[in-house]
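Open the model in a viewer with cartoon and side-chain display ready. The stops below go from the whole chain to the sheet, then to its helices and a few loop residues.

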Amino acid sequence: MPNHPWVIAICSRVALLLVLAGAAGADTALFDPSSGYRLTQYRAPIPAPPAGIAALTTAEVVALSAAGARLLDVNPLRQYRLAEDGHWIHAEPHDSLPGALWLPVVGWGRLEPGAEAYLSATLARHVAKGTPVIVFCRQDCWLSWNAVQRVRDLGHEARWYPGGVDDWRAQGRTLVPVAPVPWVR
C-alpha cells in the first residue's frame, strides 16, 4: 500500500472510529454482574450449560418426557397484552414440543415485575415435587440458559435442552400449537 498522507489519514480515522465503537459497546454488558444472567444479544452461540445443569439431547428429552418430566418452553413474546383473566393477547403463533408449558417472559436477563412469581406459581401448579423440569427455547437461545437457572433456584430438578424447538423439528419430531400459560394475578 502506498504511504500517501491521505491513506494514512483515512486509516487513522477508521481506527479511531473502531476504538470509539468498542468503547461505546463496553457500556452495554452482556451479563448482569450480580446475577450472571445474560442481558442482551439473546440469540448467540452458548459455549456451555450453566454450572451444575445437565444439557440434554433430543433423545434424552424424549425419554425423560415419557418418564414424566415437565417441559418448559421460554420462547419470547415481544408484543402482547394481558387480559384481565391473565390470558395472553398476542399475534405471534408459536409451535412447541407436545405437552410443553409456554412461559414467554421468564428468560429475560431482567424480568418485568411479577414474572418470577408467575414462573414460581406456574411450576407450583403444574410440576410435582421431584419431577425434572426441562427448559428450552431455540438453538443458541440465552433465554433458556437464564430460565433454567431460575427453575433450579426455585428448588426444581432443572435440565436444559439447548437445541429446543429447532433440534426437535430437525429430528423429524412434531411440534404443536401452544398458548402461553395464563398469568394468574
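Two strands count as paired if DSSP finds at least two bridges between them. Helices (H or I, at least four residues) and strands (E, at least two) are DSSP runs, numbered from the N terminus. The model is a predicted one, in which local features need pLDDT of at least 70 and side-chain atom pairs count only at pLDDT 80 or more, while totals for chains, interfaces and linings use all residues. Residues are numbered from 1 along each chain as its sequence is written, and side-chain values use heavy atoms, with hydrogens and water left out.

**Whole chain**

Start with the cartoon. The protein has five helices and nine strands, and from the N terminus the elements run α-β-α-β-β-β-β-β-α-β-α-β-α-β. Of its 185 residues, 39% are buried; buried means under 20% relative accessible area, exposed over 50%, and partly exposed in between (1.4 Å probe, protein chains only). Among contacts (heavy atoms within 4.5 Å) between residues at least 6 apart in sequence, 75% join residues at least 24 apart.

**The sheet**

Select E1, E8, E7, E2 and E6. In that order they form an open sheet of five strands with parallel pairing. E1 (54–55) and E6 are the edge strands, each pairing on one side only.

Next, select E2 (residues 70–73). On one side, E2 pairs with E7 (residues 133–136) in the parallel sense over four bridges. Leu71 has Ile134 as its bridge partner in E7, and Leu72 stands opposite Val135. E2 also pairs with E6 (residues 101–102), again in the parallel sense, over two bridges. There, Asp73 is opposite Trp102.

Move to E7 and show its side chains. In a regular strand the side chains alternate between the two faces of the sheet. Which residues of E7 point one way, and which the other? Val133 and Val135 point one way, Ile134 and Phe136 the other, and all are buried. E7 also pairs with E8 in the parallel sense over four bridges, with Phe136 opposite Tyr161.

**Helix H3**

Select residues 115–126. H3 has 12 residues and reaches 16 Å from its first C-alpha to its last, close to the 16 Å expected at 1.5 Å a residue; the expected span is 1.5 Å times one less than the number of residues. Colour Ala115, Tyr118, Leu119, Thr122 and Leu123, which are buried. They cover an arc of only 125° around the axis, which puts them on the same side of H3. The arc is that of the directions from the helix axis to the C-beta atoms. An α-helix has 3.6 residues a turn, so residues three or four places apart point the same way. What covers the buried residues of H3 includes E2, E4 (88–89), E6, E7 and H4.

**Helix H4**

Select residues 142–153. H4 has 12 residues and spans 17 Å from its first C-alpha to its last, close to the expected 16 Å. How many of its residues are buried? The number is 10 of 12, so that H4 is mostly covered. Among them are Trp142, Trp145, Asn146 and Arg150. The buried residues of H4 pack against E2, H3, E7 and E8 (158–161). After H4, look for Gly155, whose phi is positive, near 95°.

**Loop residues**

Asp140 is in the loop between E7 and H4. Asp140 has a positive phi of about 55° although it is not a glycine, and at 34% relative accessibility it counts as partly exposed.

Then go to the loop between H1 and E1, where Gln41 is found. Gln41 is not a glycine either, yet has a positive phi of about 50°. Is Gln41 buried or exposed? Gln41 is exposed, with a relative accessible area of 52%.

Finish at Ser34, in the loop between H1 (5–26) and E1. Ser34 is exposed at 71% relative accessibility. A polar contact of 2.6 Å joins the side chains of Ser34 and Asp32. A polar contact is a pair of N or O atoms within 3.5 Å; within protein, one must be able to donate a hydrogen and the other to accept it, and residues adjacent in sequence count only if both atoms are side-chain atoms.
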